[in-house]
Amino acid sequence: MTLRDDARELQGELAVLRRALHQEPEIGLHLPRTQEKVLAALDGLPLEISTGTSLSSVTAVLRGGAPNAGPGPVVLLRGDMDGLPVTERTGAEFTSRIDGAMHACGHDLHTAGLVGAARLLAGRRESLAGDVVFMFQPGEEGWDGAGHMVEEGVLTAAGRPVDAAYGLHVSSSSYPTGVFSSRPGTLMAASAGLHVRVAGAGGHGSRPHAALDPVPVACEMVTALQTMVTRRFDVFDPVVVTVGTFHAGTRRNIIPDEAVFEATVRTFTPAAAERAAEVAVRLCEGIAAAHGLTAEVDFVPEYPLTVNHVAEHDFLADTVREAFGEERFAPLADPITGSEDFSRVLDRVPGAFVFLGADTTGDPETAPGNHSPLAAFDDSVVSDGSALLAELAVRRLDRLNSLAKEA
């Protein structure tokens, strides 16, 4: 039987695990209930398991047992586990039981899929030409969980450095269900946070001339940032700026002392990121000064570019086509403006990242997207995700081992 055949037999129990995870989403770096479910799902497998200290991660190492393989190469497979501060409105029978928290980005499928890959590979342990590291990661959604796990040694968990790394992300829209999609080179944007506090002088709403109103000044900054994108950056090196929070005041007739807003900034080259940091800060400080106010402006780099190594992307695409069929891989024409902390791993290790369609509506172009309270994911794709990750590990270990023998 193929790995895909074996994965199909696991589909039922993986869907059960996914739905249990979905009902109890946890946010950030500390996911005790999620960690407990993962450890229970891995119980009994021939894995060397460790947990994180600064976060509730799970790292599991499977030692390959192929005859005469020696220590062999190491492949890492990653699944992120955290949810989002979103109130679910899907109406699913297994909807989130936690107020204000939801698996709106499909990480519950990633976690169940990585458990499936561990089970598949454990069943083939004796023929594995090296070791596999399973990276169950909290805190992808803005907490840099991958960075924490790298600092805690996930890339050397097998006792030697990882040789190749792969990750997978489901999408509730954009791609047909069951279709894998990726591209070589830059896959996802770098992200940064722009944090602005405009300080004025409060007063009565009927006498704005006697105060220094920070609200219109902050609003001017918000619109000027959009003009900045179109006038200070090359259209062929795109930049995206979106203001996601804006807070000021307590009542309609009170001019507040300050207005605060935060924006996300997405770039596709290091040069654009550096320029965005310089121009955005100067712009906001200058607008404040022009109105006689002051602004505290912080530009905070977050995740670097997610870059697929060209040879690893091609290997991944070939693996999908051979294991699932030509029609199951769709080349991605352009990079994605979202960001990913798996970039921390790909900065250090050759590897690739791939998307998997999990639309439930039959019309991925109009389906609610990831992070929406209406985002719904078809968990029938979980076993295919498991099968692909396992295939990538088996095939890459075989190739790396062959290359080492030839050398």
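The legends below describe close-up views of a predicted model. Local features are taken from residues with pLDDT of at least 70 and side-chain atom pairs count only at pLDDT 80 or more, whereas totals for chains, interfaces and linings use all residues. Residues are numbered from 1 along each chain as its sequence is written, and side-chain values use heavy atoms, with hydrogens and water left out.

**View 1. The largest pocket and its lining.**
The largest pocket holds about 1,000 Å³ of space, and of its 36 lining residues the closest to the centre are Glu141, Thr264, Arg266, Ser339 and His371. Grid points are joined across faces, edges and corners, and a volume is the space filled by probe spheres set on the points. Strands β5 (164-171), β8 (190-199), β10 (239-248) and β12 (258-267) each supply at least two lining residues; strands (E, at least two residues) and helices (H or I, at least four) are DSSP runs numbered from the N terminus. By class the lining has 11 nonpolar, 18 polar and seven charged residues, where Ala, Val, Leu, Ile, Met, Phe, Trp, Tyr, Cys and Pro count as nonpolar, Asp, Glu, Lys and Arg as charged, and the others, Gly among them, as polar.

**View 2. The second largest pocket.**
About 150 Å³ of space lies in the second largest pocket, which is lined by Ile27, Gly83, Leu84, Pro85, Val86, Glu141, Gly142 and Trp143. Five of these lining residues are nonpolar, two are polar and one is charged.

**View 3. The cavity.**
One cavity of 30 Å³ or more is found in a search of the whole structure. Of the 14 residues that line the largest cavity, Leu109, His110, Gly113, Leu168 and Gly385 are the closest to its centre, and the volume of this cavity is about 80 Å³. Its lining draws at least two residues from each of β3 (74-80), α3 (107-122), β5 and α9 (382-406).

**View 4. His107 in helix α3.**
His107 lies in helix α3 and is buried because its relative accessible area is 0%; buried means under 20%, exposed over 50%, and partly exposed in between, for a 1.4 Å probe and protein chains only. The side chains of His107 and Asp80 make a polar contact at 3.2 Å, that is, a pair of N or O atoms within 3.5 Å of which, within protein, one must be able to donate a hydrogen and the other to accept it, residues adjacent in sequence counting only if both atoms are side-chain atoms. Leaving out residues up to four places away in sequence, His107 touches Asp80, Met81, Asp82, Glu140, Glu141 and His169, contact being heavy atoms within 4.5 Å.

**View 5. Gly338 in its loop.**
Gly338 is placed in the loop between β15 (329-331) and α8 (343-346), and it counts as partly exposed because its relative accessibility is 23%. Beyond its neighbours within four places in sequence, Gly338 is in contact with Met188, Ala189 and Arg266. The C-alpha atoms of Gly338 and Met188 are separated by 5.9 Å, although the two residues are 150 residues apart along the chain.

Conventions: 1 Å grid on protein atoms, 1.4 Å probe; cavity = no way out; pocket = protein on both sides within 12 Å on 5 of 7 lines; lining within 4 Å.
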